[in-house]
Amino acid sequence: MQLKAREDIEAPLDKVFAALSDLETVERQALRRGIDVQRIRGGGAPTEGMAWRVVFTFRGKEREAEITLTEYTPPERMVFSSISGGLKVVMVMDVVALSRTRTRISVEVEMAPTTLSARLLVQSLKLAKGGMEKRFQGRMHDLARELERRLQATG
């Protein structure tokens with residue numbers, strides 16, 4: 001199953017990518033939302049191979065995932081891969097300059113089940129795909145507006 005979203009931001013490419021790749025800030029935001037995040041590999045600046053163990057609640061069940069930064073190509077791409085309970089998830093984040101002051105963020109999430117229970121989960125998600133796509137696009141929109149606001153405030 002695949003989810004895609006893209007948003008445009010009124011800010012230069014280098015600043016947008018720097019904000020997106022500030023993984024310590026992302027970790028803090030996840031912790032504020034009640035997600036337990038522990039870095040298990042890497043530290044400081046983003047590099048391929050950095051990894052986190054994440055514990056979160058999804059559909060009323062506590063789940064655990066290991067997320068790895070598998071590709072890091074500044075200032076245009078980050079790829080994260082994770083495995084959680086038989087579900088392999090790959091998230092590709094591309095950043096493209098539309099002009100000197102406008103940038104597009106594209107995010108694509110691919111979910112592939114590797115077990116029967118994960119296959120059932122993905123099948124149920126496919127039934128609700130329209131609503132999921134709307135929520136995913138809404139979250140991307142909120143992220144873009146927050147990034148834009150933060151980048152304009154810092155000048």
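**Entry 1**

I started at Glu71, which stands opposite Val79 in strand 5. The model is predicted, so I note the limits: local features need pLDDT of at least 70, side-chain atom pairs count only at pLDDT 80 or more, and totals for chains, interfaces and linings use all residues. Residues are numbered from 1 along each chain as its sequence is written, and side-chain values use heavy atoms, with hydrogens and water left out.

I take helices (H or I, at least four residues) and strands (E, at least two) as DSSP runs, numbered from the N terminus. Two strands pair if DSSP finds at least two bridges between them.

I then looked up how strand 4 and strand 5 (residues 77-84) pair: the sense is antiparallel, over 7 bridges. They form a hairpin with 3 residues between them.

Phe58 has Lys61 as its bridge partner in strand 4. Between strand 3 and strand 4 I count 2 residues, and Arg59 in the turn has a positive phi of about 55°.

**Entry 2: helix 2**

Which residues of helix 2 (residues 23-32) are buried? I list Leu23, Thr25, Glu27 and Ala30; buried means under 20% relative accessible area, exposed over 50%, and partly exposed in between (1.4 Å probe, protein chains only).

I checked what covers these residues, with contact meaning heavy atoms within 4.5 Å. The cover includes helix 1 (13-20), strand 2 (36-41), strand 3, strand 4, strand 5 and helix 4 (129-154). After helix 2 comes Gly34, and I note its positive phi, near 85°.

**Entry 3: Ser21**

I looked up Ser21 in the loop between helix 1 and helix 2. Is Ser21 buried or exposed? Ser21 counts as buried because its relative accessibility is 8%.

The side chain of Ser21 reaches the backbone oxygen of Phe17 at 2.8 Å. Leaving out residues up to four places away in sequence, I find that Ser21 touches Pro46, Tyr72 and Met78.

**Entry 4: Arg100**

Where does Arg100 lie? I place Arg100 in the loop between strand 6 (87-97) and strand 7 (103-113). With a relative accessible area of 77%, Arg100 is exposed.

Terms used. A polar contact is a pair of N or O atoms within 3.5 Å; within protein, one must be able to donate a hydrogen and the other to accept it, and residues adjacent in sequence count only if both atoms are side-chain atoms.
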